[in-house]
Amino acid sequence: MIESAETRLRRLKMRSWRRGMKEMDLILGHFADGPLASLNSAELDAYEAMLSENDQDLYLWVTARVNGGTNRGPAEVSAILDRIADHAAERLRPVR
């Protein structure tokens with residue numbers, strides 16, 4: 001049975017909010033509630049592949065992008081990590 005686009009998004013949102021590491025729940029969960037729905041099929045494939053990575057590694061890779069660090073993770077998920085980090089940084093930017 002082929003999974004519908006709606007079912008896939010719901011499944012990815014669930015996996016994003018229930019990571020096991022609260023920091024990643026907050027980073028990925030908010031991304032899943034926002035920009036995830038606008039990703040194309042190839043980007044969703046990359047996002048889903050990224051979800052199989054270890055939370056501690058993901059946290060380091062995302063925060064390295066936000067804070068200018070060098071441990072940015074594997075090239076295969078680099079583009080999606082950039083989008084997630086941009087979204088997280090935008091959410092944390094102070095309102096003036």
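So, how many salt bridges does a search of the whole structure find? It finds 9, where a salt bridge is a side-chain nitrogen of Lys or Arg within 4 Å of a carboxyl oxygen of Asp or Glu.

Quick housekeeping. This is a predicted model, where local features need pLDDT of at least 70, side-chain atom pairs count only at pLDDT 80 or more, and totals for chains, interfaces and linings use all residues. Residues are numbered from 1 along each chain as its sequence is written, and side-chain values use heavy atoms, with hydrogens and water left out.

Let's start with Arg 8 and Asp 45, whose side chains meet at 2.6 Å, N to O. Arg 8 sits in helix H1 (residues 5-17) and Asp 45 in helix H3 (residues 41-51), so this pair ties together parts 37 residues apart in sequence. Helices here are DSSP runs of H or I, at least four residues, numbered from the N terminus.

Arg 8 is buried, at 14% relative accessible area, while Asp 45 is partly exposed at 43%. The cut-offs: buried is under 20%, exposed over 50%, partly exposed in between, with a 1.4 Å probe and protein chains only.

Next, Glu 48 and Arg 11 form a salt bridge, with their closest N and O atoms 2.6 Å apart. That one also links helix H3 to helix H1, 37 residues apart.

And which residues are linked in a network of salt bridges? Glu 3, Arg 8, Arg 11, Asp 45 and Glu 48.

Last one: Arg 83 pairs with Glu 43 at 3.0 Å. Arg 83 is in helix H5 (residues 78-92) and Glu 43 in helix H3, so parts 40 residues apart get tied together.

Notes
Helices (H or I, at least four residues) and strands (E, at least two) are DSSP runs, numbered from the N terminus.
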